[in-house]
Amino acid sequence: MGFKAEIEKAIHAVVPEATIELSMNPDGSYVGHVVAPEFAKLTHLERQLRVWKSLRERLQETASQIGILLMYSPAEFDAVLEEVA
């Protein structure tokens, strides 16, 4: 299993319905966004804490190879897409 798949597995462990988009930066770190219905019930901090706890527990020191992860509810993500369009 590749590192990208390991990241996705760690995120899905705590947010099973998440849609995850990741890309690799030139420096080898991964960045991206996570969209999940259950995020609508959580603050931004709660989302980050939940996901990053799983990443650190499952990936340990390799979690440091992950950069920015933006986390949205589906409605928030749709609003972002509308702003960009």
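## Overall build

Buried residues account for 34% of the protein's 85 residues; buried means under 20% relative accessible area, exposed over 50% and partly exposed in between, with a 1.4 Å probe and protein chains only. This is a predicted model, in which local features need pLDDT of at least 70, side-chain atom pairs count only at pLDDT 80 or more, and totals for chains, interfaces and linings use all residues. Residues are numbered from 1 along each chain as its sequence is written, and side-chain values use heavy atoms, with hydrogens and water left out.

The protein has three helices and three strands. Their order from the N terminus is α-β-β-α-β-α. The radius of gyration is 13 Å, close to the 12 Å from the globule rule for 85 residues, so the protein is as compact as a globular protein of that length. That radius is taken over C-alpha atoms, and the rule is 2.2 Å times the number of residues to the power 0.38. Helices (H or I, at least four residues) and strands (E, at least two) are DSSP runs, numbered from the N terminus. Along the principal axes, the C-alpha atoms fill a box of roughly 35 × 25 × 20 Å.

## Contacts, surface and charge

Contact means heavy atoms within 4.5 Å. Take the contacts with a separation of 6 or more: 53% of them join residues 24 or more positions apart.

The protein exposes about 5300 Å², and carbon and sulfur atoms supply 55% of that area. Accessible areas come from the Shrake-Rupley method with a 1.4 Å probe; for residues, only the protein chains shown count as cover. There are 8 positive and 13 negative charges, and their mean positions are 8 Å apart. Lys and Arg count as positive and Asp and Glu as negative, while His and the chain ends are not counted. Each charge is placed at NZ of Lys, CZ of Arg, CG of Asp or CD of Glu.

A5 sits in helix 1, residues 3-14. A5 is partly exposed, at 32% relative accessibility. From A5 to L22 the C-alpha distance is 9.8 Å, across 17 residues of sequence.

S54 belongs to helix 2. S54 is buried, at 3% relative accessibility. Beyond its neighbours within four places in sequence, S54 contacts A10, A13, V14 and L59.

M24 is part of strand 1, residues 19-24. Residues up to four places away aside, M24 touches S29 and Y30. M24 and I66 are 42 residues apart along the chain, with 9.1 Å between their C-alpha atoms.

A36 lies in the loop between strand 2 (30-35) and helix 2. A36 is buried, at 1% relative accessibility. Its contacts, not counting residues up to four places away in sequence, are V15, A18, Y72, S73 and P74. H12 is 24 residues from A36 along the chain, and their C-alpha atoms are separated by 10.0 Å.

## Aromatic pairs

The model holds two aromatic pairs. One of them joins Y72 and F77: this pair is tilted, at 5.6 Å centre to centre and 50 degrees between the planes. Rings of Phe, Tyr and Trp (its six-membered ring) pair if their centres lie within 6.5 Å; planes under 30 degrees apart count as stacked, over 60 as edge-to-face and the rest as tilted.

Both partners are covered. Y72 is buried at 16% relative accessibility, and F77 is buried at 18%. Y72 is also among the contacts of A36.

## A positive phi at Q60

Most residues other than glycine have a negative phi. Q60 has a positive one, near 50 degrees, and is not glycine. Q60 sits in the loop between helix 2 (44-59) and strand 3 (66-72). Q60 is exposed, with a relative accessible area of 52%.
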